[in-house]
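Here are a few notes from my pass through this one. Have the viewer open while you read.

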Amino acid sequence: MAPVKRELPSFDLQELAQIGAGVACQSLSDRLAKALECDGILYLTNFGISEEEFEEFRHVTRAIFDASPEEQEKYIVSGLPLRGLTKLEGESTAKVLCTGEHSDLCMKYSWGDAGAVPNVAPNDVFKAAWESTHDKMTAIAKQVLLCIAKVLDLTDVDALLNGDALTRHLRYPDVKEERCADKSDTVERMATHFDMTLLSVLCQTPCPNGFVSLQALIGDDWVPVPYVAGTLVVNFGAVLNAITNGRVLAAKHRVVAPPTELREGSSRESTVLFYMADPELLLKPLQGGNGGAVMCFGEPLPAEGMKAGAFLGQLLSRFKTDQPSPSVVA
């Protein structure tokens, strides 16, 4: 199916904050409600992180991605929760969601909230950059969730704001020839999926050759989600869809491979903040939801509901995690 270009909704975060404060005009609230229910994805501007900050973050992370295999071994983590380095093709979103066997064509680095499970950092500069980016993007996610609660009249706001955050930086190299869209049995660099979150906040770089790799399924159309300078992309996840019982559309999306003639220059990077529900949150509609059966990934959850942590663990358990423990922790 050929992608269909269309304009995606865009919001100024400082204007959205007026919704959270209860002083926004009705037209802004209505526009956000429409994006939640019909698009499942939006652009965000005026969010308080400069491109220079993101570039410094990417710079310190590239040092690990470009390190020797021997050096990289220090930052590879086994098991869950996700921390540290995942090598190229070290995970398979397709396997997690039982949609195929193909691997993710990217390297990943993961950083979570401070707590019992340590993060992995080679030095203080790296640690400071990751902590700053993680904290700022977490604050953005919470601001957006507060606006959603206001627009949908969800009263249990703590259920949304007391979640866990995970930041992952993904580097997609130029696609190898055998995985180009015209040479492979799949067009995907990362399989079609919903995020297993309340919402995700993404900062992406463009492919140098102009190819647009990120796509979102809106209605029956795959819509390109191109890099737009000065924006973040926000997409809404399966857990938010479940607890609002479908009032918020979970954005199904994928990262596609280019045809062979666009293979060179198809590299890209993305920094993603996954904001996940409190593991103890029972996945059932919050007050203000539509009521009825709670659905996740198109399937009904048990009548008594399911805790968010169990739901997430059930899906993440399918990742490849047979890797050694790290020798460097933050």
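1. Start with the side chains of D39 and R6: a polar contact of 2.8 Å joins them. Keep in mind that this is a predicted model.

2. Where does D39 sit? Its place is in the loop between α2 and β2, the latter spanning 41-45. D39 has a relative accessibility of 7%, and since buried means under 20%, D39 counts as buried. Setting aside neighbours within four places in sequence, D39 is in contact with R6, P9, K34, I218 and L249.

3. Now step back to helix α2 (residues 26-38), which packs with helix α6 (residues 124-152) at an angle of about 100°, the axes lying 10 Å apart. The 65 to 115 degree range counts as roughly perpendicular, so that is the label for α2 and α6. On the α2 side the contact is made by S29, L32, A33, L36 and E37, and on the α6 side by C147, I148, V151 and L152. By type, the residues of this contact split into seven nonpolar, one polar and one charged.

4. The largest nonpolar core has 51 residues, and I148 is listed with L44, L199 and F236 as having the most contacts inside it. Helix α6 supplies the largest share of this core, ten residues. Leaving out neighbours within four places in sequence, I148 is in contact with L36, L199, F236, L240 and V248.

Methods:
Residues numbered from 1 in each chain as written. Predicted model: local features only at pLDDT ≥ 70, side-chain atom pairs only at ≥ 80, totals over all residues. Heavy atoms only, no water. Axes fitted to C-alpha atoms, helices over the stretch in contact; angles between N-to-C directions. Helix = DSSP H or I, 4+ residues; strand = E, 2+ residues; numbered from the N terminus. Parallel < 35°, antiparallel > 145°, perpendicular 65-115°, else oblique. Contact = heavy atoms within 4.5 Å. Nonpolar A, V, L, I, M, F, W, Y, C, P; charged D, E, K, R; others polar. Core = buried A, V, L, I, M, F, W, Y, C linked by side-chain atoms within 4.5 Å. Buried < 20%, exposed > 50% of the residue type's maximum accessible area, 1.4 Å probe, protein only. Polar contact = N/O pair within 3.5 Å; in protein donor to acceptor, adjacent residues only side chain to side chain.
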